[in-house]
Amino acid sequence: MNESLTSWVSAADASIHLADMRVVQGTLDIDHIQNRFDDYYISLVGELFRKLRANEVPDDSWAHLANALAQIRRLVLQTQRWESEVNANEALLFAAAAFYIGGFPAAAYLVASEINPAQLVDEDQASLDLLVRRNPQSDFATNLFQNVRQNDAATFQSSLEFLRSEVDLSLQRGPASFISLRLLLALTLRFSRANVRTVLSAEPGDWDVLVRSFVSRVNPTWEFFPSQIEAIEKGILRDERSFSLQMPTGSGKTTLCETILFGHLNSRPNDAALLLVPFRSIASELKATLVANLNRMNIASQSMYGGNVPSAGEVRALAEIRAMVATPESISGLLGADAAFARRISLVICDEGHLLDGGQRGIALELLLARLRARVSGSPKIIFISAIVPNIQEINAWLGGTNETVVVSSYRPSIAEFATLVSEGTGANEVVSMRLHPHLEEPFRFDIERFLDRENFRYINPSTGRPKTYSFGSFKTKAVAAARKTLPIGLVAVFAANKKGMQGVVGLSEELVSQLESPLNLPSPLEYVDQDRLAAAADYFNREFGPAWIGTRALLAGAAIHHGDIPQESREVVERLLRESALRLVFCTSTLAEGVNLPIRTLVLYSVQRVEPGGTRTSLLARDIKNLVGRAGRAGSTTKGLVICVNEGQWGDIEPVATQGAMEPVNGALRTFLEALRTRLVVQNLQLTQDLLEAADADRETLALVDGVDAVLVELAAEELGTQTLAEVAAAVAEASFAATGVDSGAKLLLKDVFVLRATRIDELKASGRLEWVRTRGAKARFISSVETGLFGLRGDWETVSDAVAAGVLTTLLDWAWTHFELKVSTCEAFNLSADNEEEVAAAKVQLSVLAHFWSAGASYTELAGALGVDVDRLLTVVTQALGFSLISILDQGIAILENLVEGGLSNSVKSLVEKLRYGVPNESAVALVQKGVRHRTAAIMLSRSPEVIAATSVFPPVRPEVAASDAMRNDPDGWRERLGELVYENTLSDLPATS
């Protein structure tokens, strides 16, 4: 694109931004766009056909041209002068074609969907069919799609050759016919190279089932993105070596993973594969997509994201499972619980692999990968995926790959635009401009002047009738106002690095509610909602968390909040509203950067600095900001993503992302911890001992190290080691860890000593016959002594107690769990108390006990908040972190080991108690309902307590709880709709079996 046309495109882009932001500005030079619009359009079309003649490869330049063409219709409407001279419908066709040929099929579909077929000439219908790829109207496109379905490459090629000849003949009929057919030829050529059948036909194996599945879905997949093609052409489907992929967010990781899993397991009918995902939210989302798709293709698959000690049912199910999607915490226990399943694993995909740096979670992930690589039978093929790891080659080498098995792709399915707010003046005279593309030179960089000023915040005070100005000096006010001004162009996410406090998600939500109390000259989120669905969701939040909670009040104002302490079921409600355009504004933390796929058009970065408890600020890593930015402009939802930096002083943290600058390397949390441990040993003149590693006050990273190393060694100890001792094998595994590749000899020796030291503990367990306790239940070795000498002796009726709650078993378990320092620290942190103050620790224990008893009895969130004397935000933190993670993790261990000590086995009442506590439900029927897929806790509780379900499950033989619940709801729909509310009623009805 030449300099003159580039300047025109920039001016047109500025004009569109002014319209989107509803700003009138006379200082931008856009007259030549308005006065010579026909020349501008002809130049764009000429550039399109120049690129076609040059046969330019797909790259971002196609997307920039396509976006310029896509804006033509908007510009025609703005000027109201060129409608008769410029065919806006034709411009959309050219834009969609440019997107498609340039490798952006999702964007092409979006633009093509706006085309009115009735205004196209007949010869363009086939092009439209290829772009939309649904319900084709032309015989040409219908036949091409059928050829792909039926794997008829010969007929496809014949159609392509016929089209070539028609293009040549069209020159004799005139330019209009030639343009249409030349465009169709270019689209067909791209389709012939990128369609799933063609790409997969070069790979060994039978792909017919997968291809037919891809093209027959509600949202069909007809072609691969360039990033996916690059990985496949590198040999990721056929090469047995490990691979590492650096693929930006939104570049097709999920579809590629499904392809890899299908290809691997379809050709190895006795093998199994793992897809490791870091968060429960991702595992939950993939359950409804990837897992469901694989099951429909007869590859038995499951998504697991519960506790870290598997249930007996989960272990039994492994015999049939081929593909498992799970968090590292969940899968670690499964590997030891079923040695046969562990041996069948020949492929491991590690998604979001940069979380190797993630503290205790990163240590656990690294040691899990080390455990898999250390198998006596040999390492599985490992595919490591991350959007933001700059030192991907280093990690790939550690995993056993080579330079040939690294795939680095810069492709993303939409353009990312950056902006920062720039302020001048103070007080009511302050003027805020938005600087677009601040990292580029003019004409690409331009300012939208007076993006925000006092006119946006002036209103008439209803009580006095006088004008007032809402104070807008804070970054928080500007962030919310900027979000409101960008609502007209699509879904807006406002990011805060903190959850709570006035500088977090809560503070932003309070600011919105405050702004909406005055009639400011800004768009209201309520203008962009589905009123019926919003009402149903607000009713749900009100019932769950009460009317005073900020999440409820924000929803009533037309916005949602999303962070890690909100229950998974509630986050899914929010995500569905956003995904289906029933809501257009969300305040969020990094939870929306952790794999959740949402159609975010604008990302407002309120702050990329985390405020620590002491008040200090810590900037997010550039690579984490890059991961966030990747959420703006999702494939299939928009052709652009706008990222707004609210605080100009933080632009320096964001600029490396905008300029594709250097990112921080991933060194692994284990390496960081090793260096800290070595420093501690030296400074405090300590010796590395078992007591040090298993100390009652050991920090979380130490415990993660011990548990991870033990898990590796437990599996090795169960194998035939030949002449080697476990200590010798342990030393070799330590040497092969990722941490060992980047530390000096002293730290490397320290890691080796840790492995060898833990090997002696595992040898002791093996000699005493206790190794199987750990291996078969996925329990942690360090808990055995605590259970044997502590928990076991606290009661003598473990096998006979019939009512665990009435008998005080929960109190017994809580008292034992409290002896573990990690629970004390987690609980004190959650309640905002000091773990160094004995009185506050005692208070935290009482609060946790109250919470556990009320929670397992099925108390509502508002009842729990009242019982504890805390607000709902604090309660959510406590439930998520102290109870849901720390307490349940410890009790899982205790029960797993206790079962081996109690001669007659634990009573069912004791075993079910932990499940009740895990799900927050009062009885076994409610536990069964949750385990069978009822997503809403409230529904499981209310149904399990209903007379109909109690009666049906009490007879002999008993009716299964999910069947009884389904019958109850279908027999009294009005009653259950009233009890549960519309949203929970509809969701629960879909969760339960349709008939008995």
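**Exercise 1. By class, how many nonpolar, polar and charged residues does the lining of the second largest cavity have?**

Before we start, a quick heads-up: this is a predicted model.

*Step 1.* Helix 15 gives the most here, with 3 residues.

*Step 2.* Sort them. The lining has 4 nonpolar, 2 polar and 2 charged residues.

**Exercise 2. Work out the strand order of the open sheet of 7 strands, and see what packs on it.**

*Step 1.* Read off the order: 3-4-2-5-6-1-7, with parallel pairing.

*Step 2.* Pick out the edges. Strand 3 (301–304) and strand 7 (406–408) each pair on one side only. Going from one strand to the next, the twist averages 10°.

*Step 3.* Zoom in on one pair. Strand 1 (residues 243–246) runs parallel to strand 7, and the two pair over 3 bridges. Leu 245, for one, has Val 407 in strand 7 as its bridge partner.

**Exercise 3. Decide whether helix 8 is enclosed by the rest of the structure.**

*Step 1.* Go through residues 125–132 in turn. Gln 125, Ala 126, Ser 127, Leu 128, Asp 129, Leu 130, Leu 131 and Val 132 are buried.

*Step 2.* Draw the conclusion. With 8 of the 8 residues buried, helix 8 is largely enclosed by the rest of the structure.

*Step 3.* Name the surroundings. Those buried residues pack against helix 6 (88–101), helix 7 (105–112), helix 9 (139–150) and helix 11 (175–194).

*Step 4.* Look just past the end. Arg 133 follows helix 8, and its phi is positive, near 60°.

**Exercise 4. Is Ser 509 buried or exposed, and what does Ser 509 touch?**

*Step 1.* Ser 509 sits in helix 24 (residues 505–516).

*Step 2.* Check the area. Buried means under 20% relative accessible area. Ser 509 has 0%, so it counts as buried.

*Step 3.* Find its contacts. Setting aside neighbours within four places in sequence, Ser 509 is in contact with Ile 550, Ala 554, Ile 561 and Phe 587. Ile 550 is 41 residues away from Ser 509 in sequence, yet their C-alpha atoms are 6.9 Å apart.

**Exercise 5. Describe the lining of the second largest pocket.**

*Step 1.* Start with the volume, about 1,100 Å³.

*Step 2.* Find the middle. The pocket has 46 lining residues, and the closest to its centre are Asp 60, His 64, Ile 415, Ala 416 and Glu 417.

*Step 3.* See which elements contribute. Those giving two or more residues include helix 1 (3–20), helix 3 (37–54) and strand 8 (415–424). Helix 4 gives the most, with 6 residues.

*Step 4.* Sort by class: 20 nonpolar, 17 polar and 9 charged.

Methods
Residues numbered from 1 in each chain as written. Predicted model: local features only at pLDDT ≥ 70, side-chain atom pairs only at ≥ 80, totals over all residues. Heavy atoms only, no water. 1 Å grid on protein atoms, 1.4 Å probe; cavity = no way out; pocket = protein on both sides within 12 Å on 5 of 7 lines; lining within 4 Å. Points joined across faces, edges and corners; volume = space filled by probe spheres on them. Helix = DSSP H or I, 4+ residues; strand = E, 2+ residues; numbered from the N terminus. Nonpolar A, V, L, I, M, F, W, Y, C, P; charged D, E, K, R; others polar. Buried < 20%, exposed > 50% of the residue type's maximum accessible area, 1.4 Å probe, protein only. Contact = heavy atoms within 4.5 Å. Pairing = 2+ DSSP bridges. Axes fitted to C-alpha atoms, helices over the stretch in contact; angles between N-to-C directions.
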